[in-house]
Amino acid sequence: MITKYEQVKKDFLSGRLKGCRDYFESHNYPVEAGYCYMVLDNFAKAKEQFEKAKSADIRGHWGLILLQMQEEKIAIPPTYFEIRNFLEADLDIFITYCKGDIVQQILKYADYMSFYNLECYKFIGRALWAHNIMEPAMFFLNKAKDKLYNDPELHYLLAYIHYGNKDLVNCKREIETCLNILPKYAPAVMLGQKINMF
């Protein structure tokens, strides 16, 4: 049976904010409350919540970094694992809530974050791709490809975007590259079958 916390978190992640902030704050979930305050554009209250959590929860530390990106004053660097574990999920949250201003500020720091985790471009591209924001997704996935050429998922994602654009020449090229790196990569095989490549 799903707990009340799990239900409220599910509601928040689905874009249903009503009641979430009050529940998280009154039940001592400061990180979750901090995200609610960010969505509500109350960065001062978000900072209070993340400060409460930062010593016990790595996501509190990451939340403070997100706020520093909004202020364009990075004082504490992110870690490899913070970027790997939270960047894509957080972009998903802010895109879901149509917080383009927050997303744009995070994307300004893509090159900075790549210093700590080269995969950040892929995480950004994948988050944009998941929300059908294809042109910027393509931009970041190509940046990722420049850094991590031997990542089969990157080539598959690019192939999928080319497929959606009806650009079968580039779609096939990316599928071939993907399968040269990892011959049985199932999503690429299935996409290749869909376009009668094999």
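H6 and H7 are roughly antiparallel to each other, because their axes cross at roughly 150 degrees and angles over 145 degrees count as roughly antiparallel. The model is predicted. The secondary structure of its protein chain comes to 13 helices and 0 strands.

**The chain as a whole**

- From the N terminus on, the elements run α-α-α-α-α-α-α-α-α-α-α-α-α.
- Along the principal axes, the C-alpha atoms fill a box of roughly 55 × 40 × 25 Å.
- The protein chain has 198 residues, of which 45% count as buried.
- Its accessible surface comes to about 10500 Å², and carbon and sulfur atoms account for 53% of that area.
- Of the contacts between residues at least 6 apart in sequence, 49% join residues at least 24 apart.

**The pair H6 and H7**

- The axes of H6 and H7 come within 8 Å, and the crossing of the two helices is left-handed.
- On the H6 side, the contact is made by Leu-87, Leu-91, Phe-94 and Ile-95; on the H7 side, it is made by Ile-102, Val-103, Ile-106 and Leu-107.
- By class, this contact of H6 with H7 has 8 nonpolar residues, with no polar and no charged residues.

**The pair H11 and H12**

- Helix H11 (residues 152-164) packs with helix H12 (residues 168-181) at an angle of about 165 degrees, and their axes are 8 Å apart.
- That angle makes H11 roughly antiparallel to H12, and their crossing is left-handed.
- H11 contributes Pro-152, His-155, Tyr-156, Leu-158, Ala-159, His-162 and Tyr-163 to the contact.
- H12 contributes Leu-168, Asn-170, Cys-171, Glu-174, Ile-175, Thr-177, Cys-178 and Ile-181.
- The residues of the contact of H11 with H12 divide into 10 nonpolar, 4 polar and 1 charged.

- Helix H3 (residues 30-39) has 10 of its 10 residues buried, so it is largely enclosed by the rest of the structure.
- Its buried residues are Pro-30, Val-31, Glu-32, Ala-33, Gly-34, Tyr-35, Cys-36, Tyr-37, Met-38 and Val-39.
- These buried residues pack against helix H1 (4-13), helix H2 (20-26), helix H4 (43-53), helix H5 (58-71), helix H6 (80-96) and helix H7 (100-107).
- Val-39 lies in H3 and has a relative accessible area of 7%; Val-39 is buried because buried means under 20% relative accessible area.
- Leaving aside neighbours within four places in sequence, Val-39 is in contact with Phe-12, Leu-17, Ile-93, Phe-94, Tyr-97 and Lys-99.
- The C-alpha atoms of Val-39 and Asn-150 are separated by 36 Å, and the two residues are 111 residues apart along the chain.
- Just after H3, Asp-41 takes a positive phi of about 65 degrees.

- Helix H9 (residues 120-130) is mostly covered, with 9 of its 11 residues buried.
- The buried residues of H9 are Cys-120, Tyr-121, Lys-122, Phe-123, Ile-124, Gly-125, Arg-126, Ala-127 and Leu-128.
- Those residues pack against H6, H7, helix H8 (110-114), helix H10 (134-147) and H11.
- H9 is followed by Asn-132, which has a positive phi, near 65 degrees.

Key
Residues are numbered from 1 along each chain as its sequence is written. This is a predicted model: local features need pLDDT of at least 70, side-chain atom pairs count only at pLDDT 80 or more; totals for chains, interfaces and linings use all residues. Side-chain values use heavy atoms; hydrogens and water are left out. Axes are lines fitted to C-alpha atoms, for helices over the stretch in contact, and angles run from 0 to 180 degrees between N-to-C directions. Helices (H or I, at least four residues) and strands (E, at least two) are DSSP runs, numbered from the N terminus. Angles under 35 degrees count as roughly parallel, over 145 as roughly antiparallel, 65 to 115 as roughly perpendicular and the rest as oblique. A crossing is left-handed if the near helix is turned anticlockwise from the far one by less than a right angle, and right-handed if clockwise. Contact means heavy atoms within 4.5 Å. Ala, Val, Leu, Ile, Met, Phe, Trp, Tyr, Cys and Pro count as nonpolar, Asp, Glu, Lys and Arg as charged, and the others, Gly among them, as polar. Buried means under 20% relative accessible area, exposed over 50%, partly exposed in between (1.4 Å probe, protein chains only). Accessible areas come from the Shrake-Rupley method with a 1.4 Å probe; for residues, only the protein chains shown count as cover.
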